[in-house]
Amino acid sequence: MAELSVNKTPFHLHHWLPGLLLTVAIAGTTAWLSNQSWLAGAGFGALTLAIILGIVLGNTLYPQMAGACDSGVMLAKQRLLRLGIILYGFRITVQQIADVGLSGVLIDVMVLSSTFLLTCFIGIRLLKMDRETVWLIGAGSSICGAAAVLASEPIVKAAPSKVAVAVATVVLFGTVGIVLYPMLWSLLPTVSAEHFGIFTGSTLHEVSQVVAAGHAMGAEAENTAVIAKMLRVMMLAPFLLILGSWLKRQRSHNAQQQTIRFPWFALLFIVVALFNSLHLLPANIVSTLNQLANLLLAMAMAALGLTTRFSALKQAGCKPLLLGLVMFGWLILGGGALNVLVQHFMA
């Protein structure tokens, strides 16, 4: 019902302002925290911290403010999220593809598709989990962690608790990867920094986690890891289009059909990335747009946390964590095998 109120209630600034100011305050606080060395070194980015702080407030102070803030919070969680995803395209350029070559792109495609399909099979068929949670965990594990979960939510139409479960799962195991990947790198002295960087970028969850793990392995590994990761992020838009189209066909078979809105923000994400590849805007403007995208996405994460209750998370049980653990193992072992296979045949 809250989503309907956002779409149908006439715009009045005073109606949305309290909730928007609250999400801005959370986003600003987490942006400052993410720049502190003790948190940045652990790979806790602003998005991760925003949902954590949002969940804490959502289960303590926020219920007393919900009446005044709900409308603005829902606006941030829905519409500002889409705008943030569109502006995220200013981080991507087509030129980045050439830096890692066709092999890096092929590895990303194979890791993304195999991870998502395997997540669906294990989660739905073997663990008997609800489809929405499985799809969201699959998106987060396959592409770019919490941002992919948030971007998939408008298409999947999952409850806030399911979105929070998916975000918590990918953040948890991605954070473990920050420590584990450099340890693996030290155990594989024959693997080049470039190849291990591509492996890191193609399999680790969050951009901030890739940066943190790559930094621990040296400049060359870090650079190739970030480029491979950003190529993976660029695949978010076509993934959302394919997922939305598939869900529309699946749900069209139900007796009570649901309206699936075409994810126009995904197409606009692609358009922005293509435009950014032309380098027509000054660097300072692109930097400002990236900061705005960070703010909007952090506000959306804060809003998601504010609307999440621990009682709903407990109802999810241990299956989401088990699924996340299995997929984390697949990303390391299966993703590593795919990296070796592609690099061997395309060397």
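Is lysine 157 buried, exposed or partly exposed? Lysine 157 is partly exposed, because its relative accessible area is 41%, and partly exposed covers values between buried (under 20%) and exposed (over 50%), using a 1.4 Å probe and protein chains only.

## Ground rules

This is a predicted model, so local features need pLDDT of at least 70 and side-chain atom pairs count only at pLDDT 80 or more, while totals for chains, interfaces and linings use all residues. Residues are numbered from 1 along each chain as its sequence is written, and side-chain values use heavy atoms, with hydrogens and water left out.

## The overall picture

The protein has 17 helices and zero strands; helices (H or I, at least four residues) and strands (E, at least two) are DSSP runs, numbered from the N terminus. Of the 347 residues, 52% are buried. Among contacts (heavy atoms within 4.5 Å) with a separation of 6 or more, 81% join residues 24 or more positions apart.

Accessible areas come from the Shrake-Rupley method with a 1.4 Å probe; for residues, only the protein chains shown count as cover.

## Back to lysine 157

Lysine 157 sits in the loop between α8 (146-156) and α9 (160-187). Its C-alpha atom is 7.7 Å from that of glutamate 132, which is 25 residues away along the chain.

## Helix α12

Take α12, residues 219-234: its 16 residues should span 22 Å at 1.5 Å a residue, and the end C-alpha atoms are 23 Å apart, which agrees. The expected span is 1.5 Å times one less than the number of residues.

Twelve of the 16 residues of α12 are buried, so the rest of the structure largely encloses this helix. The buried set includes Glu222, Lys229 and Arg232, along with Ala221, Ile227 and Leu231.

## A nonpolar patch

Leu102, Leu106, Leu341, Phe345 and Met346 make up a nonpolar surface patch, with about 520 Å² of accessible area together. Patch residues have over 30% relative accessible area and no salt bridge; like charges are joined within 9 Å, and nonpolar side chains (Val, Leu, Ile, Met, Phe, Trp, Tyr) within 5 Å. A salt bridge puts a side-chain nitrogen of Lys or Arg within 4 Å of a carboxyl oxygen of Asp or Glu.

Helices α6 (95-126) and α17 (319-345) each supply at least two of the patch residues. Leucine 102 lies in α6 and counts as exposed because its relative accessible area is 62%.

## Cysteines

A search of the whole structure turns up zero disulfides, meaning pairs of cysteine sulfur atoms within 2.5 Å. Cysteine 69 is buried at 7% relative accessibility, whereas cysteine 318 is exposed at 60%.
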